[in-house]
Structure formats: structure tokens, C-alpha cells
Amino acid sequence: MRRKDVLDLDDFSPDEIREVLETTSAMKEVLARPIKRVPPLRGKTIVNCFYEASTRTRVSFELAAKNLSADVVNISASGSSVEKGESLVDTTRTLQALGADMVVMRHAASGAPYAVARELSASVINGGDGWHAHPTQALLDLFTVQSRLGRIDGRRIAIIGDVLHSRVARSAAWGFATMGASVILCAPPTLLPIGLDTAILAGLRAKGVATEVAGTPAVAMTHDIDAALRDADVVMALRVQRERMDAGLLPSLREYARAYGLTRERLARARFGAVVLHPGPMNEGVEIAPDVAHGSQSAIEEQVTNGVAVRMAVLYLLAGGRAGPAV
């Protein structure tokens, strides 16, 4: 991986994504061993700098770094100098002075990891910035689908829910489309960002990736959940992000669940055996029914497990490791 940072998948080539997925398979083998620790990052310092609450992402990055024998420092806004008024730039300079080799950053402001990456000589990994991007979540979604279905290209991916506020939806759309899948984004009119599909198509065209899959656009948007689910190989339900939502975007959560919640009856409109994903945390009974979330088609727990392996792969490759089984 000839890059300093991982900030989103919009600048990843198909070969780079394949490299991450191949290395993730090797990391899964490491995690299956009785002793899960290997030495590639011994002597490296990884700083997890989380300005927003997180469980899955923060813990999986910490486990990933420790499994690769790195030293890990966790920083949160609460209890740090941020509470005393320290700016993001000053925090960045502190991290540089402390000798961090890699920084994993989650921040409520879209673009914050980009600003840090410009200032730091260390590698920066975006652990989620505002509504913008969450690249490692998208990579683990890609790996989960590949593991379940054998391939990504040619698949139809339905992403349903609060697309407007979802950094996961944006990164997933970029990732799946780059790897040859067709993505349909579905939400109520107030939760579907105007022009997102055309922006991604323009970006795909600019990096030489096909903008059509079997005669349909690589990325499209609709308000019609039945149309979105029809023939879908993968269905991803998105959390209704109440903490980010301005008043008035939805009449009520009950109305949203009635019109857009992923139920067993709705899932039957997708292809037989369609894989169900959710980036978490879930509002069961709102965007996804409990019997779907925990049913036989659900790969939600696999997503969490695969998250450690994917983040191990990203850390390993950024540190100069080579893809493949020799870990």
C-alpha cells in the first residue's frame, strides 16, 4: 500500500482494496491461532484519538494494534486538554512531538482527519468524521460480503435508511462501486442527500472505474424501498441517527419503522439468501426488526469480528507490510 493515510475509499483503486481484503484473510488466520499476537508492529506507537463516543471501532483498533505487538495510547476528548480549550492543531502537534507512528482519529467535524494528516508526518486513519467517511467500516463490509458470497463484482447492494447523516453509507457506496457492484441508496426524501449518486459516479469515472454494472448505474438513489430491495444480494440497514438529526426530518420513529424498517416481509423481496448488514449500533424495531437482525441471513456479528482483522490489515500495510499469508 503506497499511501501515507487512509482517509476514505474515494481515492482507493480496485487493486488497493483487493490488497486490503487479501491481507485481511491472512489476519483472520492469525486471529484463529491459540496465540493471536504477531510481531510486525513491535516498537511502533498507535494513538487512538477519539473525539466522539465509540465502542466497536475504538476497541477493534486497539485489539488490532495490540495483536500486531504495537504500543497503544488511547485519547478521548473527555479528560484531555481538549476540555481546557486545546485546538485540534495543537493536539496534532502534541502527537507529533510524542512520536506517534500512526493516529486513528474519530471526530464530529467532517474533514478533521484530513487537517490532521496534512500536519502530521505519522500515518492517519479516519475512524469516522462527521457525516463524511468511515473507510475501515466500508472495508470490513466488503470483506464480509466477499466471505459470504464469494465475490463482490456484479452484486446488487441495497443501503437503506438515514443516508444523509451516514458516513458509512458514503464510504460503502464508494467501496462497493469501485469493486464492481451496483449500489442503490434508499431513504425518505428528507434523508437522501441530493446529488450524492452523481458525485460518486463522477469520481468513479475520474479514477477509471466502470460507472455501469450490467447496464445499470453503479450508484443510484430512490425513495422506493420495494424497488431498492428487488433482486438485492446484500441489504444494509442504517441506524436512524437521532443525535445528528435536526427536528422535523421525520414525522416519528414509528412512522419511519412502518415505511422503511427492514422486516422479514420486506427482506423476502431481495434475492433468496441475501446477506443482511448493519454498521451498528442498532435501533431494533426501528430500522431493523429483531428477527432480521438475529436471523440466519444476518452477518452483523461477522462484521464486528471482521472489523479486527480488517484494521489489523490496514495498520500492517500502512507500516510497510506486504499483502499475503507471511504474517
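User: What volume of space lies in the largest pocket?
Analyst: This is a predicted model, in which local features need pLDDT of at least 70 and side-chain atom pairs count only at pLDDT 80 or more, while totals for chains, interfaces and linings use all residues. Residues are numbered from 1 along each chain as its sequence is written, and side-chain values use heavy atoms, with hydrogens and water left out. A pocket is an open set of points on a 1 Å grid over the protein atoms alone, where a 1.4 Å probe fits, with protein on both sides within 12 Å along at least five of seven lines, and its volume is the space filled by probe spheres set on the points. For the largest pocket this space is about 620 Å³.

User: Which residues lining the largest pocket are the closest to its centre?
Analyst: Lining residues have an atom within 4 Å of a point of the pocket. There are 37 of them around the largest pocket, and the closest to its centre are Arg 56, Thr 57, Pro 279, Gly 280 and Pro 281.

User: Which helix gives the most to the lining of the largest pocket?
Analyst: Helices (H or I, at least four residues) and strands (E, at least two) are DSSP runs, numbered from the N terminus. Two or more lining residues come from each of helix 2 (56-67), helix 5 (135-149), helix 6 and helix 12 (300-318). With seven residues, the element that gives the most is helix 12.

User: What is the omega of the peptide bond from Gly 280 to Pro 281?
Analyst: Most peptide bonds are trans. Pro 281 lies in the loop between strand 11 and helix 11 (290-293). The bond from Gly 280 to Pro 281 is cis, with omega near -10°.

User: How many residues of helix 6 are buried?
Analyst: Buried means under 20% relative accessible area, exposed over 50%, and partly exposed in between, with a 1.4 Å probe and protein chains only. The buried residues of helix 6 include Arg 167, Arg 170 and Trp 174. Helix 6 is mostly covered, and the number of its twelve residues that are buried is twelve.

User: How far apart are the end C-alpha atoms of helix 6?
Analyst: The expected span of a helix is 1.5 Å times one less than its number of residues. Helix 6 (residues 167-178) should therefore span 16 Å, and this agrees with the distance between its end C-alpha atoms, 17 Å.

User: Which strands stand at the edges, each with a single partner strand?
Analyst: Two strands pair if DSSP finds at least two bridges between them. The open sheet has five strands in the order 9-6-5-10-11, with parallel pairing. One side of each edge strand is left without a neighbour in the sheet, because there is a single partner for each of strand 9 (219-222) and strand 11 (275-277).

User: Is Ala 214 buried or exposed?
Analyst: Most residues other than glycine have a negative phi. Ala 214, in the loop between strand 7 (212-213) and strand 8 (216-217), has a positive phi, near 50°. At 83% relative accessibility, Ala 214 counts as exposed.

User: Is Ser 69 buried or exposed?
Analyst: Ser 69, in the loop between helix 2 and strand 2 (71-76), has a positive phi of about 75° although it is not a glycine. With a relative accessible area of 14%, Ser 69 is buried.
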